Amino acid sequence: MPSPSPKVLLALSVLTILLSLVTDVTASLFTSHKRSPKVLGFDFKKEVTRNSPLPKRLRKRQKTVTANIDNAEIAYLINMTVGTPGQPFSVQLDTGSSDIWIPSVESNACQEDEQACQQLGQYDSTRSTSYVDVGQGAFQIQYQDNSAVTGDYINETLAIGNTVIKDMTMGLAMQATRPFGIMGIGYDADESISAMSPTDVYPNIVAQMKAQGFISTLAYSLWLNDLNSLTGSILFGGVDTAKYHGNLVVLPVQATNGSYTDFTVALSSVSVLDCSGAVQFSQTNLDLPVILDSGTTDAYLPDSVVNPILGGVGVINDKDYGTIVPCDLANSPATLSFGFGGNNGLTISVGLGEFVTPIFNEDGVQPTFRDGAGTICSWGLMSSGTGPILFGDAFLRSAYVVYDLTNNQIGMAQTNFNTTDTNVVEISGSSIPGASITASAVTASQTFSGIPQETDAQTKTGSTQATAAHGSPTFNLCVSGTGKANAAQGKKGAAFAVGPPRIEVTTVVTGLVLLLSLAFGSSVVLLR
């Protein structure tokens with residue numbers, strides 16, 4: 001066969017180039033018309049301080065946007081800016097309330113604690129060209145720890161990293177009992193204004209993210225990670241399927257007095273598994289309404305459920321330090337199992353150490369028991385008394401939770417601690433991605449209203465010793481007489497819930513000043 005002529009070879013070359021160009025243009029056109037998931041990612045820096053004035057219970061009474069958050073015993077703070085140009089703030093992330101508020105530079109809190117406000121943020125309306133006061137004196141809110149905030153409603157520009165949200169309604173605190181703000185991410189119906197004027201509720205930050213096109217539906221997921229980790233994450237509008245084990249189980253949010261205001265789900269059972277995995281305590285068929293609340297540090301259950309657990313663990317009450325246990329109890333491989341949604345629901349296993357938190361007195365010294373049984377730690381599973389049943393951070397660290405406000409449902413699975421993998425999926429319809437089972441057989445009615453009275457132990461002296469001897473556990477916790485775990489006595493009772501020894505710190509001193517060096521913008525700050 002004769003070789004092609006030079007003209008033919010040239011024509012073939014030109015044709016090849018043209019086909020390549022057509023292919024590239026076609027691919028570019030298809031790519032440009034393909035809708036990308038609404039996902040925004042932020043980098044965060046962890047800052048640590050021992051002394052924190054943050055409360056143990058914060059719950060208020062009456063495009064995927066992703067932000068990493070750092071776990072803390074008291075709170076989770078996320079950094080943002082407010083105004084034009086942006087003024088930096090670190091505010092507490094709270095699923096148990098629905099308003100954003102920030103302290104004014106003229107507030108009593110910032111006048112009394114100027115250093116904390118300079119570090120955590122204080123708003124000066126004279127420095128912002130986008131400031132609009134829309135309700136002078138109309139903002140007021142009270143939290144379950146009895147702290148109260150009053151001030152104005154303002155409209156402003158709010159930014160988290162590069163995500164800029166226009167016309168954000170928020171409270172500007174003029175009178176406040178704390179020098180830092182709150183980012184409430186609950187239902188609009190739980191905004192503080194709804195108690196006085198239900199028709200005047202406004203789109204909160206989750207609703208504004210949807211309205212301004214950053215997310216497709218009113219939903220977000222929370223991964224707090226374990227106590228020793230540097231970061232966790234919150235995904236507005238998405239689910240990270242790499243952050244949990246197995247499938248998500250969907251639980252219906254339980255209505256409160258006929259409406260959806262809290263993230264209440266039905267708690268079906270509570271069990272304690274000892275160091276060998278044997279059941280030491282179990283209560284089933286509870287059907288209790290429990291609120292999943294990142295603004296609460298500890299967990300609160302009715303007396304009938306919690307008292308046998310307190311006795312089995314050996315918890316005692318000290319007049320200075322409250323409910324306490326030996327710190328070495330944190331190394332016990334025993335676990336607590338919490339069942340949700342009845343027979344077709346799920347169980348979340350939580351390591352015993354999640355409820356054990358070191359205490360320091362006002363001199364920064366960790367006290368010991370009178371009988372020499374080691375250092376003292378607080379215990380974070382307590383009686384709810386006349387108040388609501390709440391599961392705060394002590395529980396939530398072991399659960400990956402998806403809050404779907406559009407469809408009034410919660411997706412939950414056992415968390416995958418410390419993974420570096422990620423697989424973000426947008427939430428865009430009526431179902432939560434990765435969910436396979438819907439537990440709907442069990443219902444629980446939330447009837448609580450008002451603020452329960454709670455007194456947290458506060459040390460008032462420089463004492464380095466508790467007034468009481470350590471308790472005597474009746475559960476098999478694999479703990480020696482001095483509180484040291486004996487691994488030879490048993491095995492871990494849960495596959496995923498028990499991590500390394502706790503390093504988290506509870507401070508119980510009064511009049512403390514935050515010592516933070518904050519990296520503002522898209523950071524989340526850990527306070528310990």
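**Close-up 1. Asp293 and Asp94 both reach Gly96.** The side chain of Asp293 comes to 3.2 Å from the backbone nitrogen of Gly96. The side chain of Asp94 also reaches that backbone nitrogen of Gly96, at 2.9 Å. Keep in mind while looking around that this is a predicted model.

**Close-up 2. Asp94 and Asp293 carry a record's "active site" label.** The label comes from the UniProt annotation, in an unreviewed entry, and it covers Asp94 and Asp293. They are spread over 200 residues of sequence, yet they cluster in space, with a largest C-alpha distance of 7.0 Å. To find Asp94, look in strand β4 (residues 87-94). For Asp293, go to the loop between β16 (288-292) and β17 (299-301). Is Asp94 buried or exposed? Asp94 has a relative accessible area of 0%, under the 20% cut-off, so it counts as buried. Asp293 is buried too, again with 0% relative accessibility.

**Close-up 3. Cys110 pairs up with Cys117.** How many disulfides does a search of the whole structure find? The search turns up three, and here is the one that joins Cys110 to Cys117, with the sulfurs 2.1 Å apart. The torsion about this S-S bond is about -85 degrees, so the disulfide of Cys110 and Cys117 is left-handed. Both Cys110 and Cys117 are buried.

**Close-up 4. Cys275 and Cys478 tie distant parts of the chain together.** This disulfide joins Cys275 to Cys478, and its S to S distance is 1.9 Å. The two cysteines sit 203 residues apart. Cys275 is in the loop between β14 (264-273) and β15 (279-283), while Cys478 is in the loop between β29 (435-438) and β30 (506-507). Why is the disulfide of Cys275 and Cys478 called right-handed? The torsion about its S-S bond is about 75 degrees, and that is why. Cys275 is buried, and Cys478 is as well.

**Close-up 5. Cys327 is joined to Cys377.** Here the S to S distance is 2.1 Å. With 105 degrees about the S-S bond, the link of Cys327 and Cys377 is right-handed. This pair, too, links distant parts of the chain, 50 residues apart: Cys327 belongs to the loop between β19 (322-326) and β20 (335-340), and Cys377 to strand β23 (residues 376-379). Cys327 has a relative accessible area of 11% and is buried. Cys377, at 2% relative accessibility, also counts as buried. Count the bonded cysteines along the chain and the disulfides follow the pattern 1-2, 3-6, 4-5.

**Close-up 6. Trp379 sits in the largest nonpolar core.** This core has 84 residues, and Ile205, Phe338, Phe340, Trp379 and Phe395 touch the most other members. Which helix gives the core its largest share? That's helix α5 (residues 303-313), with five residues. Setting aside neighbours within four places in sequence, Trp379 is in contact with a list of residues that includes Leu310, Val313, Val315, Leu329, Leu352, Phe355 and Val356. Thr323, Ile324 and Val325 are among the contacts of Trp379 as well.

**Close-up 7. Trp101 belongs to a second core.** This core is separate and has 15 residues. Trp101, Ala109, Val149 and Ala173 are among them.

Definitions and conventions:
Residues numbered from 1 in each chain as written. Predicted model: local features only at pLDDT ≥ 70, side-chain atom pairs only at ≥ 80, totals over all residues. Heavy atoms only, no water. Disulfide = S-S within 2.5 Å. Buried < 20%, exposed > 50% of the residue type's maximum accessible area, 1.4 Å probe, protein only. Helix = DSSP H or I, 4+ residues; strand = E, 2+ residues; numbered from the N terminus. Core = buried A, V, L, I, M, F, W, Y, C linked by side-chain atoms within 4.5 Å. Contact = heavy atoms within 4.5 Å. UniProt positions renumbered as here; feature names shortened; annotations may be inferred. Polar contact = N/O pair within 3.5 Å; in protein donor to acceptor, adjacent residues only side chain to side chain.
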